Amino acid sequence: MRNVLRLFVIFLLALCPAFGQTQPIAFSHLTHVGTVKLSCEDCHLLPAKFGDNAGIPDAPKCLECHAFSVNKTSTLATLNYWSEKKQPIPWIRIFALKDFVFFDHRYHLQNGAKCEDCHGPISTEEVVSDKIGTTKMTTCQPCHVKSGAKTGCTTCHDAR
């Protein structure tokens with residue numbers, strides 16, 4: 001019964017962000033990157049082909065490290081739950097683009113962009129936030145101009 005209630009709350013939070021922006025698992029980039037010294041690529045898949053998402057880690061990915069934890073925490077229990085269900089963790093997306101905008105992580109990374117260039121000082125954050133307005137055109141355009149990248153509308157916007 002407790003798991004059903006937990007799932008219901010997670011479901012509500014995912015559908016109704018006005019309820020609050022609480023993630024299903026407390027996650028700290030500050031701990032994982034700052035203290036443990038993981039790199040972005042340790043948790044986020046590098047896109048294999050054009051248009052692929054960098055992705056948000058699923059429970060099996062997290063368990064690659066957390067399964068060996070000596071501390072049997074609620075986080076470990078939650079990771080095991082999602083892994084056993086073979087379902088993704090219902091993370092609330094912070095960096096979500098509109099449907100008419102496309103972005104290619106792979107292309108940007110191949111051309112020298114660093115994760116921090118777009119996501120800001122995320123490695124110092126206890127809770128993920130979009131402090132610099134990553135998904136706003138006013139963040140992308142100046143970088144495109146500075147780097148000499150294309151700036152036409154169809155560079156990022158679907159012309160259909």
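This report looks at the salt bridges and aromatic pairs in the structure above. The model is predicted, so to speak of local features we ask for pLDDT of at least 70, and side-chain atom pairs count only at pLDDT 80 or more, while totals for chains, interfaces and linings use all residues. Residues are numbered from 1 along each chain as its sequence is written, and side-chain values use heavy atoms, with hydrogens and water left out.

Let's start with charge. A salt bridge here is a side-chain nitrogen of Lys or Arg within 4 Å of a carboxyl oxygen of Asp or Glu, and the whole structure holds two.

| Lysine | Glutamate | N to O distance |
|---|---|---|
| lysine 61 | glutamate 64 | 3.3 Å |
| lysine 131 | glutamate 125 | 3.7 Å |

Lysine 61 and glutamate 64 sit three residues apart, about one turn, in helix α4 (residues 59-66); helices are DSSP runs (H or I, at least four residues), numbered from the N terminus.

Now to the rings. Rings of Phe, Tyr and Trp (its six-membered ring) pair if their centres lie within 6.5 Å, with planes under 30 degrees apart called stacked, over 60 edge-to-face and the rest tilted. That gives two aromatic pairs.

Note on methods: Helices (H or I, at least four residues) and strands (E, at least two) are DSSP runs, numbered from the N terminus.
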